[in-house]
Amino acid sequence: MVNTSSSPSPVPTPVSLTPIIQVEDAAVVLGGRMIWQQVNLSVQPGEFLAILGPNGAGKSTLLKAMLGLLPLAAGNIIVLGHPAQRGHVAIGYVPQRRHFEADVRVRGRSIVRLGLDGAHWGLPLPLLQRRKTRETEACVQEAIDRVGASTYADRPIGELSGGEQQRLLIAQALVKRPRILALDEPLDSLDLRNQQGVAGVIRQVSRETEAAVLLVAHDVNPILSAVDRVVYVAHGQIAVGRPEEVITTETLSRLYNTPIEVLHASDGRIVVVGQPEEEASYHAHRLR
Ligand SMILES: Nc1ncnc2c1ncn2[C@@H]1O[C@H](COP(=O)(O)OP(=O)(O)OP(=O)(O)O)[C@@H](O)[C@H]1O
């Protein structure tokens with residue numbers, strides 16, 4: 001495994017030295033297959049980490065393991081000083097592929113408020129009866145303002161664009177002022193401008209609130225200027241470090257154990273060439 005803790009050019013250490021998440025020699029097995037193993041990772045408050053890798057590599061699995069949603073086959077994951085635990089109140093989570101159909105009439109503001117009502121892990125449940133205290137509404141408004149959604153927060157969510165819905169879902173995850181923000185492919189299906197916009201919002205939130213961000217993405221390019229470090233998941237292992245340290249021909253070839261070429265386009269984009277199919281290259285090795 002490549003890990004910058006032993007790299008000659010270490011990642012600048014954020015102000016706090018106490019990790020908010022510590023992953024130690026962790027492994028996950030699903031359906032009799034080793035998804036990844038010997039994973040070591042330390043996340044500091046205020047850090048923005050992108051979890052990258054090909055389809056099926058185990059990115060969502062890594063996020064879910066850190067959220068205590070999946071059991072480990074080996075190792076430990078410590079979150080805020082305790083073993084990773086499902087439903088931690090200090091974690092805001094936006095699961096993969098959530099969107100609202102056009103006929104959903106619930107206002108965006110109500111979707112954000114659900115983050116305070118205990119229905120924030122999973123699809124919104126029928127609206128719970130609750131008292132609209134001034135404090136509650138102030139928290140909801142603060143989260144809406146943070147993601148820049150105040151102009152459309154009172155419209156039915158089903159009428160909003162994918163990018164607008166995504167901002168409101170992030171606001172829902174933010175409403176309890178979490179210390180960790182876990183976002184599974186929040187940029188999926190957005191155009192480039194919206195990807196960069198949402199990434200910028202997340203970056204700003206993390207700077208202002210010191211929340212650690214774990215963001216699963218397929219493409220590093222829209223978030224390149226926002227992230228501190230990347231966690232590249234491939235071939236059952238991870239590589240961790242700054243994008244320019246990890247997304248290199250040398251590191252990715254070592255990770256995949258096959259020649260990979262990393263090209264830099266004239267517009268600054270990074271292109272990874274020769275990435276093997278994850279299913280064929282690693283997961284074909286079933287555990288006995
Ligand atoms: N509950 C499960 N039981 C068995 N296998 C599973 C289960 N959940 C996920 N997997 C498998 O684990 C592997 C990793 O899945 P995961 O969703 O973490 O990948 P990913 O990198 O997030 O992929 P994608 O980019 O396609 O979302 C995949 O091969 C998937 O089929």
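How many residues of domain 1 are in contact with domain 2, and how many of domain 2 with domain 1? The legends below refer to a predicted model.

**Figure 1. Contact between domain 1 and domain 2.** The domain assignment of the protein chain places residues 2–90 + 178–283 in domain 1 and residues 99–177 in domain 2. Across the boundary, 15 residues of domain 1 are in contact with 13 residues of domain 2. On the side of domain 1 that touches domain 2, β8 and α5 each supply at least two residues. The largest share of that side, seven residues, is contributed by α5. Its composition by class is 10 nonpolar, five polar and no charged residues.

**Figure 2. Helix α4, residues 162–174.** The helix has 13 residues, and the distance from its first C-alpha to its last is 18 Å, close to the 18 Å expected at 1.5 Å a residue. Of the 13 residues of α4, 11 are buried, leaving the helix mostly covered. Among the buried residues are Arg167, Leu168, Leu169, Ile170 and Ala171.

**Figure 3. Strands β7 and β8.** The two strands pair in the parallel sense, over four bridges. Isoleucine 91 has isoleucine 180 in β8 as its bridge partner. In a regular strand, side chains alternate between the two faces of the sheet. In β7, Ile91 and Tyr93 point one way, whereas Gly92 and Val94 point the other way. All of these residues are buried.

Methods:
Residues numbered from 1 in each chain as written. Predicted model: local features only at pLDDT ≥ 70, side-chain atom pairs only at ≥ 80, totals over all residues. Expected span 1.5 Å × (residues − 1). Buried ≥ 20, exposed ≤ 12 C-beta atoms within 10 Å, placed from the backbone. Domains from an automatic or database assignment. Contact = placed C-beta atoms within 7 Å. Nonpolar A, V, L, I, M, F, W, Y, C, P; charged D, E, K, R; others polar. Pairing = 2+ DSSP bridges.
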